[in-house]
Amino acid sequence: MEFTASSSTLLRTVNTLSGIISSNSTLPILDNFLFEQKNGRLTILASDLETTMMSTINVDGQGNGRIAVPAKMLAEILKTFPEQPITFSASQEEHLLKISYGTTDNEGKCDIPYEDADEYPSLPAMEDITQTVVTSEILASAIQKTLFASGNDDMRPVMSGVLFKFTPEGLIFVATDAHKLVKYVREDITSPVPVEFIMPKKPLNIMKGLMSSMTCDVTIKFNQTNARFEADDMVIVCRLIDGKYPNYEAVIPKENPNQLLIDRQSFQNSLRRIALFSNKTTHQTRLSLSPDEVIISAEDNDQGKRADEKLPCSYRGDKMDIGFNSRFLLEMLSNLESKDITIDMSMPNRAGILRPVEAIEGEQITMLVMPVILSN
């Protein structure tokens with residue numbers, strides 16, 4: 001096994017795959033990347049058993065072979081190189097991966113031990129699959145605008161992921177942690193067969209950054225246990241979260257006679273300032289709503305601090321004081337792109353519904369945030 005590859009291409013690929021490798025793996029072989037060279041192409045694979053990711057790059061070399069290379073050591077070595085070709089040669093007798101680099105005036109070499117590839121787990125076989133195709137842009141947007149609302153409670157694993165629901169009417173992505181909920185809908189892409197599955201958080205975090213830097217179609221294949229995402233020269237396969245997702249439609253209030261219309265950026269900036277004065281445990285922030293203005297206020301009696309700020313708005317409904325967790329509101333506002341947003345409400349003890357006023361064509365976003373009990 002021998003090949004020459006670009007140092008920057010290798011580093012970029014290795015950095016992406018490093019997100020898969022667990023810091024406390026129970027199998028030592030999973031501390032390695034799997035290198036597989038075949039017909040001038042090098043496939044690099046990383047796995048933690050639950051999620052497996054592989055990426056293929058072009059290399060200069062016609063040999064074939066498979067070895068397991070220490071991931072952390074390889075990444076640290078590649079970080080030290082400027083852009084240049086690097087040659088790798090696997091010595092079967094010594095079980096060393098020999099790395100050579102540089103020019104005749106400044107050349108170097110190093111050896112790192114490698115493991116046999118036979119122990120490395122293979123990609124899970126998938127049968128009875130269903131598949132659909134979305135663009136990388138849509139998938140990146142769906143993940144970006146939902147993932148932050150997913151939970152971290154090990155006792156409720158279905159809420160630690162994102163629901164992917166494909167229907168003849170459109171694609172639906174949902175995330176919730178019981179305090180906030182996001183429903184993201186694409187009406188411009190449909191699936192002839194209604195299906196759904198729950199994606200875990202780890203592969204979605206990796207795909208969020210990856211998809212935003214790509215412009216291509218993504219083929220999604222899935223069955224009852226696994227999902228496979230194929231985009232250009234990248235493949236991610238992950239085990240799905242087993243269980244039934246909560247009935248999210250039942251918690252979204254349908255009757256909301258009170259509506260706040262406000263400039264998103266101004267609201268976000270004010271909220272960020274006022275939140276500095278809120279209680280660090282509850283993050284309680286009060287919205288005092290009247291027809292032409294909203295007063296945003298927060299206080300921390302233990303620290304003896306408080307603040308309020310008045311913003312112009314358009315409010316239709318009864319005068320109301322309602323409290324929200326400022327962190328939740330700020331997360332939602334930062335994941336919307338519209339100039340103006342609306343918050344629909346019914347009563348101070350019922351959820352608020354955030355929506356963008358200017359929606360992207362084919363896209364619908366509904367964000368729900370539960371209120372907090374206001375202190376007098």
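Reader: Is D128 buried or exposed?

Author: Buried means a relative accessible area under 20%, exposed over 50%, and partly exposed in between, with a 1.4 Å probe and protein chains only. D128 has a relative accessible area of 74%, so D128 is exposed. This is a predicted model, in which local features need pLDDT of at least 70, side-chain atom pairs count only at pLDDT 80 or more, and totals for chains, interfaces and linings use all residues. Residues are numbered from 1 along each chain as its sequence is written, and side-chain values use heavy atoms, leaving out hydrogens and water.

Reader: Where is D128 found?

Author: Helices (H or I, at least four residues) and strands (E, at least two) are DSSP runs, numbered from the N terminus. D128 is found in the loop between β9 (115–116) and β10 (130–135). Look at the backbone too. Phi of D128 is near 50 degrees, a positive value in a residue other than glycine.

Reader: Which loop holds N39?

Author: The loop between β2 and β3 (41–47). N39 also has a positive phi, near 50 degrees, and is not a glycine. N39 is exposed, with a relative accessible area of 54%.

Reader: Now a helix. Which residues of α2 are buried?

Author: In α2 (residues 71–79), A71, L74, A75, I77 and L78 are buried. They cover an arc of only 165 degrees around the axis, so they sit on the same side of α2. The arc is that of the directions from the helix axis to the C-beta atoms. The general idea is simple. An α-helix has 3.6 residues a turn, so residues three or four places apart point the same way.

Reader: Next, charge. How far from R264 is the nearest side chain of opposite charge?

Author: Lys and Arg count as positive and Asp and Glu as negative; His and the chain ends are not counted. A salt bridge is a side-chain nitrogen of Lys or Arg within 4 Å of a carboxyl oxygen of Asp or Glu. R264 lies in helix α5. R264 is buried yet has no salt bridge; E358, the nearest side chain of opposite charge, is 7.3 Å away.

Reader: What lies 2.8 Å from a polar atom of the R264 side chain?

Author: The backbone oxygen of S338. Not counting residues up to four places away in sequence, R264 touches L333, L336, E337, S338, K339, D340 and I341.

Reader: How many aromatic pairs does the structure hold?

Author: Rings of Phe, Tyr and Trp (its six-membered ring) pair if their centres lie within 6.5 Å; planes under 30 degrees apart count as stacked, over 60 as edge-to-face and the rest as tilted. The structure holds twelve aromatic pairs. Take F164 and F173: their ring centres are 4.8 Å apart and their planes at 75 degrees, so the pair is edge-to-face. F164 is buried at 0% relative accessibility, and F173 at 2%.

Another edge-to-face pair is F166 and F197, with 5.9 Å centre to centre and 90 degrees between the planes. F166 lies in strand β11 (residues 162–167) and F197 in strand β14 (residues 195–199), so the pair ties together parts that are 31 residues apart in sequence. F166 is buried at 1%, and F197 at 5%.

Reader: Which residues form one aromatic cluster?

Author: F164, F166, F173, Y184, F197, F222 and F229.

How values were computed
A polar contact is a pair of N or O atoms within 3.5 Å; within protein, one must be able to donate a hydrogen and the other to accept it, and residues adjacent in sequence count only if both atoms are side-chain atoms. Contact means heavy atoms within 4.5 Å.
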